[in-house]
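Subject: Structure for you to look at

Hello,

Here is the structure I promised to pass on. Please open it and keep it beside you as you read my notes below.

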Amino acid sequence: MLAAYAIQANSDDPLAALEVGDRPEPEAPDGWATVTVRAASLNHHDLWSLRGVGLSEDRLPMILGCDAAGVDEEGSEVIVHSVISTPDWRGDETLDPKRTLLSELHPGTLAERVAVPRRNLVPKPESLSFEEGACLPTAWLTAYRMLFVKAAAQPGQTVLVQGAGGGVATAAIALGRHAGLRVWATSRDEDKRAAAKELGADEAFETGARLPERVDAVLETVGEATWKHSLRALKPGGVLVVSGATSGQAPSAELQRMFFLQLRVLGSTMGTRDELAQLVRMLDLSGVRPRIDRVLPLRDARAGFAAMAEGSLVGKVVFTP
Ligand SMILES: NC(=O)c1ccc[n+]([C@@H]2O[C@H](COP(=O)([O-])OP(=O)(O)OC[C@H]3O[C@@H](n4cnc5c(N)ncnc54)[C@H](OP(=O)(O)O)[C@@H]3O)[C@@H](O)[C@H]2O)c1
């Protein structure tokens, strides 16, 4: 079957580690289902995998991709939850120390078919297209958990979203807007700031710009380049939720500011299957939809990876097998 997969780890030139071609069919052990992929979306995670982050050489070649929507063997339309916990794990799957994401241990979703534990399937409502459904399991689920579970943001509060063009960031802007938050976003790029406002941001600022007032919560996926600004943007007692460090992971911790203003810094990773089901329901009820930058045939996956590596996207890249 056709798939996009990693053949090596290349930290300097991740695209050189990417191959699009034929791979064996996935195997579905007892309790697993094979999903015919109708759409799969790209995440920064896939670029990290090509760089060798979180994907060791002994697991290569590895089909990339965490996110998919498709049809199971019974003909049901499903969205795939990407967090694979150990079979006897109960409760929050993201807290299982042995959990992996699709494409880390088991072959991923950038393929014609993918095998996943049956319990990882969430029904896709008719109101969502396969392309929209495929955007949800990583970027949108991560944004949902950061905003509503970790930051526990309340309507009327102000939340700052760093790096407005990203998959997680565009999701956070749209979800926050719908939930009645005042959403402020930052981006390095003027066009992306305009796009952030179209998505529902009340204001969009240049990266690092002084804000009109301090905010209740900051959602951080950029890392080193925006960390200082994130901490300075918070009100006393405010919360910074971090789930990514695209630009580097060793900023000054600003400890004095953190304790003096009693700031809370919370890590967040993906979300549970139940949170994915809630997110799907929220989109079904609200009409909020993922911003899709482009849809490409899977055989042209390289172009999507290149656009993400360049940082030119606003929203998600979707591949159709
Ligand atoms: N922990 C988890 O479960 C989880 C889940 C999803 C994602 N992540 C991580 O979160 C990060 C974002 O993921 P994504 O899929 O949303 O990636 P993405 O779509 O590639 O977005 C990255 C965004 O970061 C901003 N950015 C990058 N470098 C920057 C710099 N030097 N200065 C300022 N802004 C910069 C850019 O925003 P502008 O161009 O608008 O400034 C860009 O749009 C990745 O590191 C990813 O691995 C973690």
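Predicted model: local features only at pLDDT ≥ 70, side-chain atom pairs only at ≥ 80, totals over all residues.

Start with helix α9, which spans residues 301–310. Its buried residues are Ala301, Gly304, Phe305, Ala307 and Met308. They span an arc of only 160° around the axis, so they sit on the same side of α9. What covers them? Among the elements over these buried residues are strands β1 (2–6), β2 (18–22), β17 (292–297) and β18 (316–320), along with helix α1 (44–50).

Next, the helix pairs. Two packed helices are described by the angle between their axes and the distance between the axes.

Take α3 (residues 136–150) and α4 (residues 167–178) to begin with. Their axes are 8 Å apart, and the packing angle is about 50°. That angle makes α3 oblique to α4. The crossing of α3 and α4 is right-handed. On the α3 side, the residues that meet α4 are Ala139, Trp140, Thr142, Ala143, Tyr144, Met146, Leu147 and Phe148. On the α4 side, they are Gly167, Val168, Ala171, Ala172, Ala174, Leu175 and Gly176. By class, this contact of α3 with α4 has twelve nonpolar residues, three polar ones and no charged ones.

Helix α3 also packs against α8. Here the axes come within 10 Å and cross at roughly 95°. Angles from 65 to 115 degrees count as roughly perpendicular. The two helices, α3 and α8, are therefore roughly perpendicular to each other. From α3, the contact uses Leu136, Pro137, Trp140, Leu141, Tyr144, Arg145, Phe148 and Val149. From α8, it uses Glu275, Leu276, Gln278, Leu279, Val280, Met282 and Leu283. The contact of α3 with α8 divides into twelve nonpolar, one polar and two charged residues.

Compare the two lists for α3. Trp140, Tyr144 and Phe148 meet α4, and Trp140, Tyr144 and Phe148 also meet α8.

Now a strand residue. Val215 belongs to strand β14 (residues 215–220). Is Val215 buried or exposed? Its relative accessibility is 0%, so Val215 counts as buried. Which residues touch it? Leaving out neighbours within four places in sequence, Val215 is in contact with Thr158, Leu160, Trp184, Ala233, Leu234 and Lys235. Lys228 is 13 residues from Val215 along the chain, and their C-alpha atoms are separated by 14 Å.

Last, some backbone details in the loops.

Find Pro61 in the loop between α1 and β4 (62–63). The peptide bond from Leu60 to Pro61 is cis, with omega near -10°.

Then go to Glu254, in the loop between β15 (234–242) and α7 (255–260). It is not a glycine, yet its phi is positive, near 55°. Glu254 has a relative accessible area of 14%, so it is buried.

Finish at Met270, in the loop between β16 (264–267) and α8 (273–286). Met270 is not a glycine either, and its phi is positive, at about 45°. With a relative accessible area of 6%, Met270 is buried.

Best wishes

Conventions:
Residues numbered from 1 in each chain as written. Heavy atoms only, no water. Axes fitted to C-alpha atoms, helices over the stretch in contact; angles between N-to-C directions. Helix = DSSP H or I, 4+ residues; strand = E, 2+ residues; numbered from the N terminus. Parallel < 35°, antiparallel > 145°, perpendicular 65-115°, else oblique. Left-handed = near helix turned anticlockwise from the far one by under 90°. Contact = heavy atoms within 4.5 Å. Nonpolar A, V, L, I, M, F, W, Y, C, P; charged D, E, K, R; others polar. Buried < 20%, exposed > 50% of the residue type's maximum accessible area, 1.4 Å probe, protein only. Arc of directions from axis to C-beta.
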